[in-house]
Amino acid sequence: MFSRFFAKSKTEDPYAGSQYSQLGGDPGVEAMANRFYDIMESEPAVHALLALHPQPLDSVRGRFFDFLSGWLGGPQRFVEKYGHPRLRARHLPFKIDESMRDQWLYCMYQVIDEQVDDTLLKQQLRAQFTQLAHHMINS
């Protein structure tokens, strides 16, 4: 009876309200992924982190964008292409200690500070990425 009042429009953004959407959708999330690796490639303080990654970083950038897209509430590209992220399991071959976590967060915090204007969203992202990075420690 009331479904016609509450039915979603077919043109409504399915990601409205998500962090993905708040960051600008594909262009914003892709800019985050690319800037993350730009920092990693140019910042001497994270040289050890860069050394863990296959070169060139083109395919890694793409996979990171795919992952971030879904993780932030947008299209589940990573899952569609590669299956469940199983991040910890995928990273077990690499020694990830507190130093690696801190280097990864150094890059991500810089991206957030540069590209996110909304204070609440910035705090939320920092907290989520911090939790994720801490979870990845395996050494």
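Visitor: Which loop holds R86?
Guide: R86 sits in the loop between α6 (77-82) and α7 (87-91). This is a predicted model.

Visitor: What about the phi of R86?
Guide: Phi of R86 is positive, about 35°, although R86 is not a glycine.

Visitor: Which residues does the cis peptide bond join?
Guide: The cis bond joins Q55 and P56, with omega about -10°. P56 is in the loop between α4 (47-51) and α5.

Visitor: Step back a bit. How many helices and strands does the protein chain have?
Guide: Nine helices and zero strands. Along the sequence the pattern reads α-α-α-α-α-α-α-α-α.

Visitor: What box do the C-alpha atoms fill?
Guide: Roughly 60 × 30 × 25 Å, taken along the principal axes.

Visitor: And how much of the chain counts as buried?
Guide: Of the 139 residues, 37% count as buried.

Visitor: What share of contacts join residues at least 24 apart?
Guide: Taking contacts between residues at least 6 apart in sequence, 67% join residues at least 24 apart.

Visitor: Helix packing next. How do α8 and α9 cross?
Guide: The axes of α8 (residues 98-115) and α9 (residues 119-135) come within 10 Å and cross at roughly 165°. Helix α8 is therefore roughly antiparallel to α9. The crossing is right-handed.

Visitor: Which residues meet there?
Guide: From α8 there are R101, W104, L105, M108, Y109, I112 and D113. From α9 there are K122, L125, R126, F129, T130, A133 and H134. By class, the contact of α8 with α9 has eight nonpolar, two polar and four charged residues.

Visitor: What about α3 and α5, at what angle do they cross?
Guide: Roughly 135°, with the axes of α3 (residues 25-42) and α5 (residues 58-71) coming within 9 Å. That angle makes α3 oblique to α5. Their crossing is right-handed.

Visitor: Which residues make that contact?
Guide: On the α3 side, D26, V29, E30, A33, N34, F36, Y37, D38 and E41. On the α5 side, V60, R61, F64, F65, L68 and S69. The contact of α3 with α5 divides into eight nonpolar, two polar and five charged residues.

Visitor: How far apart are the axes of α5 and α9?
Guide: They are 14 Å apart, and the helices pack at an angle of about 120°. Helices α5 and α9 are therefore oblique to each other. Helix α5 passes α9 in a right-handed crossing.

Visitor: Which residues are involved, and how many are charged?
Guide: F67, L68 and W71 of α5 meet Q128, F129 and L132 of α9. The contact of α5 with α9 has five nonpolar residues, one polar and no charged.

Visitor: Staying with α5, is D66 buried or exposed?
Guide: D66, which is in helix α5, counts as buried because its relative accessibility is 4%, under the 20% cut-off.

Visitor: Which side chain does the D66 side chain make a polar contact with?
Guide: The side chain of K81, at 2.9 Å. Leaving aside neighbours within four places in sequence, D66 is in contact with R77, F78, K81 and Y82.

Visitor: Different spot. Where is S18?
Guide: S18 is in the loop between α1 (3-6) and α2 (19-22). At 12% relative accessibility, S18 counts as buried.

Visitor: What is S18 in contact with?
Guide: L72 and G73, leaving aside neighbours within four places in sequence.

Visitor: Last one, Q115. Which helix is Q115 in?
Guide: Helix α8. Q115 is partly exposed, with a relative accessible area of 32%.

Visitor: Which residues does Q115 contact?
Guide: G28, A31, M32 and R35, again leaving aside neighbours within four places in sequence. A polar atom of the Q115 side chain lies 3.3 Å from the backbone nitrogen of M32.

Visitor: And how far is Q115 from V29?
Guide: Their C-alpha atoms are separated by 9.8 Å, while Q115 and V29 are 86 residues apart along the chain.

Technical notes. Residues numbered from 1 in each chain as written. Predicted model: local features only at pLDDT ≥ 70, side-chain atom pairs only at ≥ 80, totals over all residues. Heavy atoms only, no water. Axes fitted to C-alpha atoms, helices over the stretch in contact; angles between N-to-C directions. Helix = DSSP H or I, 4+ residues; strand = E, 2+ residues; numbered from the N terminus. Parallel < 35°, antiparallel > 145°, perpendicular 65-115°, else oblique. Left-handed = near helix turned anticlockwise from the far one by under 90°. Contact = heavy atoms within 4.5 Å. Nonpolar A, V, L, I, M, F, W, Y, C, P; charged D, E, K, R; others polar. Buried < 20%, exposed > 50% of the residue type's maximum accessible area, 1.4 Å probe, protein only. Polar contact = N/O pair within 3.5 Å; in protein donor to acceptor, adjacent residues only side chain to side chain.
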